[in-house]
Amino acid sequence: MPPLALLPRGRREGFLVVDFGGGDEIRFERLGRAGVVTLTRPKALNAVTHNMVKALGKALDAWEQDQGVGVVVVKAEGRAFSAGGDILHIYEAGRAGRPPVDFFADEYRLNARIARFKKPYVALIDGIVMGGGVGISFHGSHRVLTENAQFAMPEVGIGFFPDVGASHLLPDLGGAFGMYLGLTGNRIRYGDALWSGLATHTIKAEDQAGLLDELATSGDANAELRDFFVPAKRETERQDLDAIARHFSQSSLAGIIDSLERAGADDAFAAKTLATLKTRSPTSLNVAWRQISTGSTLSMDECMKMEFRILNRMLAGHDFYEGIRAAIIDKGSKPEWRPATLDEVSAADIDAYFAPLGDKELAL
């Protein structure tokens, strides 16, 4: 007899619907050998909520033990895989004096859980994937992007930092590409994701249903993805890749800024990139540079503990709330960062973000 959580609550075109919670925000189904997870908040671009995090964790616990499940597939309804976390809720809770630390703790535990999941974990990404959406997809064994996919970690633009395991994910990208993505927050498409190593496979959007059917039949993710794989060309030009490697491999944030400035206004790539960085929170840039640099020598679990330390300080600070105000509450207004310039950020300021939390450390 299957575990209680796997008993059906209904059927849908061959799918066996199972209940791990999450209400109408996330759906869990069995299709043959596949455990299928669908994010079902398309109007909110599938922003990740606490309910979704807790339900997905329960599903992974059950499916890892279930011998009938050979592969887990995570997909989404609508035009976005997931545009991140539910930042408006985070803003309102923080402003009310109740910053949602528990949500982030559970989210970070889930990110670490996915990274050590013992079965194939296939994320089917057809649309925007950012922030919290990255956390529930890119730590799995198979990251599958279609031609509609766009990846970004844009947190420095709202006074936050690239979290959900970005400190483990981004350092592994060659040519300082991860540092570039973390500091600029720029979007990339599926070709860049494949060639940088973020994606493991690229397929045609029209083949998603067929791939799911084959995975459900065989449970063999490697074999089925080989059959459906369609190569994607890298979108970023070679000269820009060389420039990224040159500028973003510097040994400090100040070194990156100086390198871009020395390239001169006639260098279109350097000028555009420098202009982007100057709009970002100076504190966030410093924190992101240090966390990505440090993450290169840490395990996934160690990265999540580091990020939880940073998170607690961010939720108690100014720039995160100011960034959300400017981007979401008063749409299009200019954020007023504190400190306002890179020169005003001290090493001691940044050290404080990484300091131990004592008995409040993240337990994994």
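This briefing walks through the strands, cores, salt bridges and a few single residues of the structure above.

The model is predicted, so local features need pLDDT of at least 70 and side-chain atom pairs count only at pLDDT 80 or more, while totals for chains, interfaces and linings use all residues. Residues are numbered from 1 along each chain as its sequence is written, and side-chain values use heavy atoms, with hydrogens and water left out. Helices (H or I, at least four residues) and strands (E, at least two) are DSSP runs, numbered from the N terminus.

**Strands and sheets**

- Four strands make up an open sheet in the order S6-S8-S10-S11, with mixed pairing; two strands pair if DSSP finds at least two bridges between them.
- At the edges of this sheet sit strand S6 (80-82) and strand S11 (188-189), each pairing on one side only.
- S6 runs parallel to strand S8 (residues 128-130), and two bridges join them; here serine 82 stands opposite valine 129 in S8.
- Strand S7 (residues 121-125) is mostly covered, with five of its five residues buried; buried means under 20% relative accessible area, exposed over 50%, and partly exposed in between (1.4 Å probe, protein chains only).
- Tyr121, Ala123 and Ile125 point one way from S7, while Val122 and Leu124 point the other way.
- S7 pairs in the parallel sense with S5 over three bridges, and valine 72 stands opposite tyrosine 121.
- S7 also runs parallel to strand S9 (residues 142-145), with four bridges between them; the bridge partner of isoleucine 125 in S9 is leucine 145.

**Nonpolar cores**

- In soluble globular proteins, nonpolar side chains tend to be buried together.
- The largest nonpolar core here has 96 residues, and Phe28, Leu183 and Phe248 touch the most other members. A nonpolar core is a set of buried Ala, Val, Leu, Ile, Met, Phe, Trp, Tyr and Cys residues joined through side-chain atoms within 4.5 Å.
- A second, separate core of 17 residues includes Ala34, Val71, Val73 and Leu212.
- Leucine 183 touches, among others, Val156, Phe248, Leu253, Arg280 and Trp289, not counting residues up to four places away in sequence; contact means heavy atoms within 4.5 Å.

**Salt bridges**

- The structure holds 16 salt bridges, each being a side-chain nitrogen of Lys or Arg within 4 Å of a carboxyl oxygen of Asp or Glu.
- Aspartate 66 and arginine 30 form one of them, with the closest N and O atoms 3.3 Å apart. Aspartate 66 lies in the loop between helix H1 (50-65) and strand S5 (71-76) and arginine 30 in strand S3 (residues 26-31), so this pair ties together parts that are 36 residues apart in sequence.
- Both partners count as buried: aspartate 66 at 14% relative accessibility and arginine 30 at 16%.
- Another salt bridge joins the side chains of aspartate 86 and arginine 41 (4.0 Å, N to O). Aspartate 86 is in the loop between S6 and H2 and arginine 41 in the loop between strand S4 (34-39) and H1, 45 residues apart.
- In this pair, aspartate 86 is partly exposed at 23% relative accessibility, whereas arginine 41 is buried at 18%.
- Arginine 309 meets glutamate 361 in a salt bridge (2.9 Å, N to O). Arginine 309 lies in helix H14 (residues 300-315) and glutamate 361 in the segment after helix H16 (347-354), so the pair ties together parts that are 52 residues apart in sequence.
- Arginine 309 is partly exposed at 23% relative accessibility, and glutamate 361 is partly exposed at 24%.
- Salt bridges that share partners join Arg27, Glu29 and Glu77 into one network.

**Single residues to look at**

- Isoleucine 90 is found in helix H2 and is buried at 2% relative accessibility.
- Beyond its neighbours within four places in sequence, isoleucine 90 is in contact with Pro100, Phe103, Phe104, Leu315, Phe320 and Tyr321.
- Leucine 88 also belongs to helix H2 (residues 87-95) and is partly exposed, with a relative accessible area of 34%.
- Alanine 275 lies in helix H12 (residues 268-277) and is partly exposed at 44% relative accessible area.
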